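Subject: Structure handover

Hello,

Here is the structure I said I would pass on. Please open it first and keep it beside you while you read the notes below.

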Amino acid sequence: MGAMKTLHVVGFKNSGKTTLVARWVRLLKERGFTVAVLKHHGHGGQPTMSDASTDTMQFFDSGADVSVVAGGGAVQLLVNEEPGFAELKEMAAIRHPSILLVEGYKEQQGDKVVLLRNAEDWETLRNLSGIQLVVGCSEFVASSRCIASRTDVEQLDHWFLEWIEEVGNETV
């Protein structure tokens, strides 16, 4: 696996993480980058699975450690045990993307964009390692790396593209 830039987008439920990650995926693809996304399913329980009657789910439910289905230009991979973060990153990087966007996994090491809904969020998240940018801040965040609103997409995109060009935020 070659060097890829990795950025976590973190915050609490309904802070805009998925919207921002999806926006940045489109922005990167328009510029010719290869992109992977790793998302932490923080809603409790398993992510929504395929219909139980599908062949893939029958294999999975029968105890297959891994079930892979391919067709129509896409591949779905089901693993019957949740791997650790490092292995998940390896799985996300299987196609050698230039950029890995991680939604969540706030306690893991790496550069982070923190999305805030209110001052209480900041009190909980302020001590995370690797904070590069805080979004949704106002008078309660004293930082030059702050964008006041998640709706300021032009400023967010400008910051992100500058971050992409920086040297030193690659992982192998």
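A residue is called buried when its relative accessible area is under 20%, exposed when that area is over 50%, and partly exposed in between (1.4 Å probe, protein chains only). Tyr105 is buried, since its relative accessible area is 15%.

Two notes on the source. This is a predicted model, in which local features need pLDDT of at least 70 and side-chain atom pairs count only at pLDDT 80 or more, while totals for chains, interfaces and linings use all residues. Residues are numbered from 1 along each chain as its sequence is written, and side-chain values use heavy atoms, with hydrogens and water left out.

The chain as a whole

The protein chain has five helices and nine strands. Here helices (H or I, at least four residues) and strands (E, at least two) are DSSP runs, numbered from the N terminus. Starting at the N terminus, the order of elements is β-α-β-α-β-β-α-β-β-α-β-β-α-β. Of the 172 residues in the protein chain, 35% are buried. The accessible surface of the chain is about 10,100 Å², and carbon and sulfur atoms account for 50% of that surface. Such areas come from the Shrake-Rupley method with a 1.4 Å probe; for residues, only the protein chains shown count as cover. Contact means heavy atoms within 4.5 Å. Among contacts between residues at least 6 apart in sequence, 55% join residues at least 24 apart.

Helices α1 and α5

Two packed helices are described by the angle between their axes and the distance between the axes. The axes of α1 (residues 17–30) and α5 (residues 153–165) come within 11 Å and cross at roughly 60°. Therefore α1 is oblique to α5. Axes are lines fitted to C-alpha atoms, for helices over the stretch in contact, and angles run from 0 to 180 degrees between N-to-C directions. Angles under 35 degrees count as roughly parallel, over 145 as roughly antiparallel, 65 to 115 as roughly perpendicular, and the rest as oblique.

Which residues of α1 and α5 make the contact? From α1 they are Leu20, Arg23, Trp24, Leu27 and Leu28, and from α5 they are Val153, Leu156, Asp157, Trp159, Phe160, Leu161 and Ile164. Ten residues of this contact are nonpolar, none is polar and two are charged. In this scheme Ala, Val, Leu, Ile, Met, Phe, Trp, Tyr, Cys and Pro count as nonpolar, Asp, Glu, Lys and Arg as charged, and the others, Gly among them, as polar.

Single residues

Two residues other than glycine have a positive phi: Asn14, at about 65°, and Tyr105, near 55°. Asn14 is in the loop between β1 (4–11) and α1, and Asn14 counts as exposed because its relative accessibility is 62%. Tyr105, the buried residue mentioned above, is in the loop between β5 (99–103) and β6 (111–115).

Leu125 belongs to helix α4 (residues 119–125). Is Leu125 buried or exposed? Leu125 is buried, with a relative accessible area of 1%. Leaving aside residues up to four places away in sequence, Leu125 touches Gly11, Phe12, Lys106, Val114, Leu115, Leu116 and Ile131.

Glu166 lies in the loop between α5 and β9 (170–171) and is partly exposed, at 42% relative accessibility. The C-alpha atoms of Glu166 and Lys5 are 9.6 Å apart, although 161 residues separate the two along the chain.

Regards
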